[in-house]
Amino acid sequence: MSAAQKIKVGVVGLGSMGLGMALVLASKGFSVAAFDLSGAALAKAEDGGASITPSAADVFAVSDVVVLSLPAAQHVQAVMTEAQEAGHLAKGVPPKVVIDTSTSEVEVSRSLAARLDVTGHGFLDAPVSGGPSGAAAGTLATMVGGDETYFTMALPVLEAIAAKIIFVGPSGAGNVAKLVNNMLVASHMITTLEAVRLAEAAGVSAADALRVVNSATGRSAISEIHFPNWVLPRSFDSGFSAGLMRKDVRLARELAAQLGCEMPVADLVAEMWSEPRSELTDSDDFMLMGDPQAARFTTKETTNG
Ligand code: NAD
């Protein structure tokens, strides 16, 4: 066992992303304690070598580094409050570092980092990119905000779950970078759909048009990875929901509003991602937005399917 693997790791939130991270950590020799509200998720984590705890707070009790992978900031706040009230992040407890990989909110991360720092513990905002397949393979990209001392303490765990680790700056900087990234993802989904539609209307297949785009200057991860893997084969099962995409667009626009930063294209993109306009429910896979066969955003859009 390497020195790094002696770090006791916890994972709270075992959904599309967190389960993969927990299993990767266990497969790389870390001792992993895990918790989720879903019994099915707990069973999968246990099968993959994690030890299940009775509550989220108990994960903190037995871990040096805790990875959070929760839907949104309010879930992060709830879990952190539970752990603090149970005394697991009190002064005098050996230092722990929380790596919050959720796509969360800048102010929430900053206030949690400040609160933990007072009692000698670290909180890093470390949102991730790379989807469930990247989580399962340990090849995510993570963009980290926080104190560099805590970053160094957490590095062996970050290295186990991510192939690209970018330290962005002080607390909240990781969240800012992630929201900027995902605002582009939301936009690229719509612009790539329009590009494919135009190509098909003009007699060039979507596959041929994307072959060119992906060798030229119009490409993005959406055109290079998402459309070839989930739209053209019509599987629409990327594991990222339309509800989470909407959350990211909302958070990016809220941040822009707080800062007085005008984003007219983002305003239009948000309107297009809204449930009434896109006709996608929160639980639909976000790749359905790119379906060229749906009549979304056309005058025929009542036939959407
Ligand atoms: P998910 O909905 O699949 O998983 C979230 C998990 O958190 C669920 O299993 C849920 O039961 C659990 N949970 C909620 N509240 C809890 C609590 N109080 N205690 C313990 N468990 C709790 O979501 P996901 O797709 O895995 O995404 C997780 C985070 O990662 C989100 O913030 C998302 O925006 C971000 N993200 C997702 C992807 C993706 O492709 N799915 C990619 C990058 C980032």
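Which atom of Pro71 lies 2.9 Å from an oxygen atom of the ligand? I found that it is a backbone N or O atom of Pro71, a polar contact in the sense of a pair of N or O atoms within 3.5 Å.

Before going further I noted that this is a predicted model, in which local features need pLDDT of at least 70 and side-chain atom pairs count only at pLDDT 80 or more, while totals for chains, interfaces and linings use all residues. Residues are numbered from 1 along each chain as its sequence is written, and side-chain values use heavy atoms, with hydrogens and water left out.

I read off α4 (73-85), α6 (131-137) and α11 (242-259) as the elements that give two or more residues to the shell; helices here are DSSP runs of H or I with at least four residues, and strands are runs of E with at least two, numbered from the N terminus. The shell holds 24 residues (a heavy atom within 4 Å of the ligand), of which Met17, Asp36, Leu70, Pro71 and Thr103 come nearest. By class, the shell residues divide into 12 nonpolar, nine polar and three charged, where Pro counts as nonpolar and Gly as polar.

**Cores**

Next I turned to the nonpolar cores, each a set of buried Ala, Val, Leu, Ile, Met, Phe, Trp, Tyr and Cys residues joined through side-chain atoms within 4.5 Å; buried means under 20% relative accessible area, exposed over 50%, and partly exposed in between (1.4 Å probe, protein chains only). The largest core has 55 residues, and Phe60, Leu68 and Met80 touch the most other members. Helix α7 (residues 148-161) supplies the largest share of this core, seven residues. A second, separate core of 32 residues includes Ile190, Ala270, Met272 and Met289. For Phe60, neighbours within four places in sequence aside, I listed contacts (heavy atoms within 4.5 Å) that include Val12, Val66, His88, Lys96 and Val98.

Thr192 counts as buried because its relative accessibility is 9%, and, not counting residues up to four places away in sequence, Thr192 touches Leu210, Ser220, Ile222, Ser223 and Phe227. Asn175 is likewise buried, with a relative accessible area of 2%, and its contacts beyond four places in sequence include Ser102, Glu105, Asp125 and Pro127.

Most residues other than glycine have a negative phi, so I looked for exceptions. Arg234, in the loop between α10 (221-231) and α11, has a positive phi of about 60° and is partly exposed at 35% relative accessible area. Phe297, in the segment after α13 (275-278), has a positive phi of about 65° and counts as buried at 17%.

Last, I looked at Met1, which is in the segment before β1 (8-12) and is exposed, with a relative accessible area of 73%. The C-alpha atoms of Met1 and Gly29 are separated by 7.3 Å, although these residues are 28 residues apart along the chain.

Conventions:
Polar contact = N/O pair within 3.5 Å; in protein donor to acceptor, adjacent residues only side chain to side chain.
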